[in-house]
Amino acid sequence: MPLTGIIVGAGHFAHIQLEAWQEVQGARITAVLSLTMENAQQLADLYGIRAFDDWDTAIREMQPDFVDICTPPDSHYHYTRLTADLGLPVLCQKPLAPTLQEGEALVAYCEQRGVPLMINENWRWQAWYREMKAMMDAGMLGHVYSAYMAMRPGDGWGDNPYPVQPYFKEMKQFLIFETGVHYIDTYRYLLGEIDSLYCQVRTLNPVIQGEDLAVIHMNFRGGAVGLYDANRVTYMEQVRCPTYGYMTMEGTEGKLRLEGDGSIYYTPRGGIERKHEYVIPTKGWKGGCTIATQQHFVDALQEGSPFETSGTDYLASVRAVYACYESASTNQVVHLNAAANN
Ligand SMILES: NC(=O)c1ccc[n+]([C@@H]2O[C@H](COP(=O)([O-])OP(=O)(O)OC[C@H]3O[C@@H](n4cnc5c(N)ncnc54)[C@H](O)[C@@H]3O)[C@@H](O)[C@H]2O)c1
């Protein structure tokens with residue numbers, strides 16, 4: 001029997017997740033819960049599932065095996081607590097919570113009750129990062145000494161930036177908290193834990209409250225150096241291309257570069273650059289990452305195996321986010337607490 005879940009939230013990303021749930025093996029979503037019935041019903045009708053605006057009624061009538069939380073961060077802890085009190089597994093969207101303290105409390109709440117908690121961090125599941133990791137594991141880059149990511153979605157210019165997610169404009173901490181966390185987590189996936197970092201931020205577009213430019217210089221414990229150079233304002237011919245930008249990784253045996261459409265080009269030491277052929281899934285948003293993430297959640301639940309982005313693991317990415325803001329405000333290198341990062 002497939003597991004059944006309910007999704008909380010019926011906005012921009014709940015839609016994308018529900019589309020992905022159609023492809024996931026071993027589980028399905030049976031209902032959507034939102035603030036208003038009208039909001040929930042719109043999405044429920046699209047996917048032929050039930051709609052609710054009341055938690056207790058939804059739980060009583062649907063008896064789910066898990067809960068998929070896809071609301072804004074300020075209600076993640078609330079729904080995580082409600083779910084954990086029922087002893088049910090939680091799949092919770094990033095950003096974990098509005099503050100580091102609340103994020104830590106959310107993770108501790110599940111840990112203390114032995115409830116499985118996975119953060120729905122889908123970036124590292126984009127097909128190109130999986131492929132780059134496979135190339136690294138196959139020794140194609142040798143010992144990696146540096147990685148550079150230029151994030152340029154090109155959607156932050158003018159009086160009406162971010163039309164897809166207008167709430168971005170009001171966020172006091174924006175680029176690193178909302179989007180940079182994806183890249184910090186992906187860097188950790190590729191290069192391991194961060195030892196120290198230095199960060200600078202700017203607000204280029206005056207109609208938004210938070211930063212829309214961030215440059216983060218990361219030192220990894222394994223010895224590699226990473227640069228995340230992010231800017232949402234620079235003009236781009238293609239707005240929000242699949243990878244949101246381009247990336248390079250360089251090592252002793254070769255180097256690669258990632259293009260905006262997910263293409264990877266590889267140059268072995270002493271050789272010439274060639275396109276590296278691999279399959280990019282066409283379903284599942286940004287290289288199949290929503291399907292892959294949700295499938296990983298279901299597989300791990302069924303096998304009793306660990307989540308890549310368990311709450312505990314993900315706190316290392318969240319702590320790095322706050323270390324960035326600390327670095328930017330003090331203009332100092334911040335050393336991440338080794339014990340907390342393990
Ligand atoms: N992983 C990704 O790639 C990715 C991309 C976009 C958004 N997100 C995350 O997904 C989450 C939702 O973002 P979104 O863009 O869908 O936001 P949104 O504003 O479009 O939708 C939020 C939905 O949650 C509902 N909601 C708000 N508070 C609620 C509450 N207390 N109880 C029940 N429902 C409530 C709203 O009515 C709305 O339906 C955020 O945490 C966001 O950061 C992740």
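Me: What distance separates the centres of domain 1 and domain 2 in this model?
Reply: This is a predicted model, where local features need pLDDT of at least 70, side-chain atom pairs count only at pLDDT 80 or more, and totals for chains, interfaces and linings use all residues. Residues are numbered from 1 along each chain as its sequence is written. Domain 1 covers 3–120 + 293–309 and domain 2 covers 124–278 + 317–341, with bounds from an automatic or database domain assignment. Taken over C-alpha atoms, their centres are separated by 27 Å.

Me: How many residues of domain 1 and of domain 2 are in contact with each other?
Reply: Contact here means C-beta atoms, placed from the backbone, that lie within 7 Å. The count is 8 residues of domain 1 and 10 residues of domain 2.

Me: On the side of domain 1 that touches domain 2, how many residues are nonpolar, polar and charged?
Reply: Ala, Val, Leu, Ile, Met, Phe, Trp, Tyr, Cys and Pro count as nonpolar, Asp, Glu, Lys and Arg as charged, and the others, Gly among them, as polar. By these classes, the side has 4 nonpolar, 3 polar and 1 charged residues.

Me: Which helix gives the largest share of the shell around the ligand?
Reply: The ligand is surrounded by 22 residues, the closest being G9, G11, H12, F13 and S75; a residue is near if its C-beta atom, placed from the backbone, lies within 6 Å. By class, the shell has 10 nonpolar, 11 polar and 1 charged residues. Helices (H or I, at least four residues) and strands (E, at least two) are DSSP runs, numbered from the N terminus. The largest share, 3 residues, comes from helix 1 (residues 12–21).

Me: In strand 5, which residues point the other way from V90 and C92?
Reply: In a regular strand, side chains alternate between the two faces of the sheet. Strand 5 spans residues 90–93, and all of these are buried (20 or more other C-beta atoms within 10 Å of the residue's own; exposed is 12 or fewer, partly exposed in between; C-beta atoms are placed from the backbone). Opposite to V90 and C92 point L91 and Q93.

Me: Through which helix does the chain cross from strand 5 to strand 6?
Reply: Strands pair if DSSP finds at least two bridges between them. Strand 5 runs parallel to strand 6 (residues 117–120) over 4 bridges, and Q93 stands opposite N120. The crossover is right-handed: with the strands pointing away from the viewer, the path from the first strand over the helix to the second runs clockwise. The helix is helix 5 (residues 100–113).

Me: Which residue is the bridge partner of I216 in strand 10?
Reply: Strand 9 (residues 213–220) pairs with strand 10 in the antiparallel sense over 7 bridges. Their hairpin has 4 residues between the strands, and G223 takes a positive phi near 110° there. Strand 10 (residues 225–231) also runs parallel to strand 7 (residues 144–151), joined by 6 bridges. The partner of I216 is Y228.

Me: Which residue of strand 12 stands opposite M247?
Reply: M247 lies on the covered face of strand 11 (residues 245–251), with G245, M249 and G251, while Y246, T248 and E250 form the uncovered one. Strand 11 pairs with strand 7 in the antiparallel sense over 7 bridges. A hairpin of 2 residues joins strand 11 to strand 12, and these strands pair in the antiparallel sense over 4 bridges. Opposite M247 stands L258.

Notes:
Contact = placed C-beta atoms within 7 Å.
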